[in-house]
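Dear colleague,

Please keep it open while you read.

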Amino acid sequence: MGELMDTILYRRSIRRFDTRQISEWELEQILKAGLFAPIAGGGQRPIFVVCQDREINERLGKIKRANSHPRMATAASYVSRQQPSIADDPNIKNAFYDAPTVITMFGPKNFLFTPEDCAVAAENMMLSADALGIGSCYIGQGWPAFDDPYGQEILRQWDIPGDYYAVSQLLLGYPRPGDSHPEAKPRRAGRVIRIGQESKGR
Amino acid sequence: MNEIIEKMLTRHAIRRFQQRQVDNEILDQILTAGLYAPSAGNNQYSRIVVCQDSEINEKLGRISRYMQFKGQDPKSIAHSISSEQPSIQDDFTIMNGFYNAPTVLTIFTRDGVYAHDDGAMIGENILLAAHFLGLGACYVGRTGEVFATEYGRTLWKAWGVPEDMVPVCNVLLGYIDGPFPHEKPRREGRIVRV
């Protein structure tokens, strides 16, 4: 347990990546962890498209940025100073932050648990990446990256079934050399509520 | 292969629980794992309600089963999930969709487009932590439907969870009763490389 807990406590979103591609053996382990995440009713419906083509990733990331309308950070409210997001820095034009590997998770449109199936798979992959020293960032709302003629053409090239949609992206890459690991942000208090015979405050 | 990843691959849904309650120290570690899941923009606007009141858990579990079938004949809509850890879709005589688990968590998150992403990741951290600590766990959806009922809404209020939140999932926790289930084959073709 110790090592899993260390990983869970250590993992942070990484948005500043090294240009080096991650190794094939590391990628395989991460993908396997994603495939072994829980899945509603054992359906195993989601598909993970692993794109390591820098041009495609950059163009999709720019479409995603153009179609995103984040509430911009203020002095008091921001996402990360050490690993700025598009909400923190208006000069970032690529919502995939030049990550060398971008995984887009697709799932069926007409299935209640598609978002959750993809989210638990992403969490397994993020923890696995961290355990291997690889940085990761989850990008919710995957479809805006394809909401443009170029994006539609990519969906055709990738042969995505018509009844599937892009749920989210997962960015992977080595953290940028020289960057220090982001500091832990304080946990908000009062998020656990205990009910029942073992009840006691926390 | 990395040892943590290797162990992650051996996690499976558990639905057969012993009746003894989960040790509090173990429960605290599991909850900490949940609190450290990522959240959209680091909002951390989520609540984990830990219910160890067996009467409440059974009532909720019965409503959860109802939401699966909604009065239809289970035979006409169920599909097999697990013979080793039977679900309500495998064994129609199971009336409690929370499988008499001694601890039932309900995870609420901030309303909005990321509510289910945030809730599912908290759930997954909890499932993994439980597995690494030797406990069994099962993720159950349809929590939104369960907490839209009159009974669910009453509990929601009594628990002091803010009204504007989204009930995303339940996680059942307990010690495993009987043998650990085997791995199921993975479907081919789910990874596409471009």
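Two strands are taken to pair if DSSP finds at least two bridges between them. In this predicted model, strand β2 (residues 101-108) of chain A and strand β4 (residues 164-173) of chain A pair in the antiparallel sense over eight bridges, and within β4(A) the bridge partner of A:Met105 is A:Ser168.

Both of these strands belong to an open sheet of five strands with mixed pairing, whose order is β3(A)-β4(A)-β2(A)-β1(A)-β5(B). Its edges are β3 (135-140) of chain A and β5 (191-193) of chain B, each of which has a single partner strand, so one side of each is left without a neighbour in the sheet. On average, neighbouring strands here are turned by 20° against each other, direction ignored. Helix α4 (residues 114-131) of chain A lies across β1 (47-51), β2, β3 and β4 of chain A, and runs at about 10° to β4(A).

The other sheet to look at is also open and mixed, with five strands in the order β5(A)-β1(B)-β2(B)-β4(B)-β3(B). At its edges stand β5 (192-196) of chain A and β3 (136-140) of chain B, and since each has a single partner strand, one side of each is left without a neighbour in the sheet. The link between the chains is made by five bridges that join β5(A) to strand β1 (residues 46-52) of chain B, the two running parallel; A:Ile193 has B:Val49 as its bridge partner in β1(B). Helix α3 (residues 54-69) of chain B lies across β5 of chain A together with β1, β2 (103-110) and β3 of chain B, at about 115° to β1(B).

How values were computed: Residues numbered from 1 in each chain as written. Chains lettered and ligands numbered in written order. Predicted model: local features only at pLDDT ≥ 70, side-chain atom pairs only at ≥ 80, totals over all residues. Heavy atoms only, no water. Helix = DSSP H or I, 4+ residues; strand = E, 2+ residues; numbered from the N terminus. Contact = heavy atoms within 4.5 Å. Axes fitted to C-alpha atoms, helices over the stretch in contact; angles between N-to-C directions.
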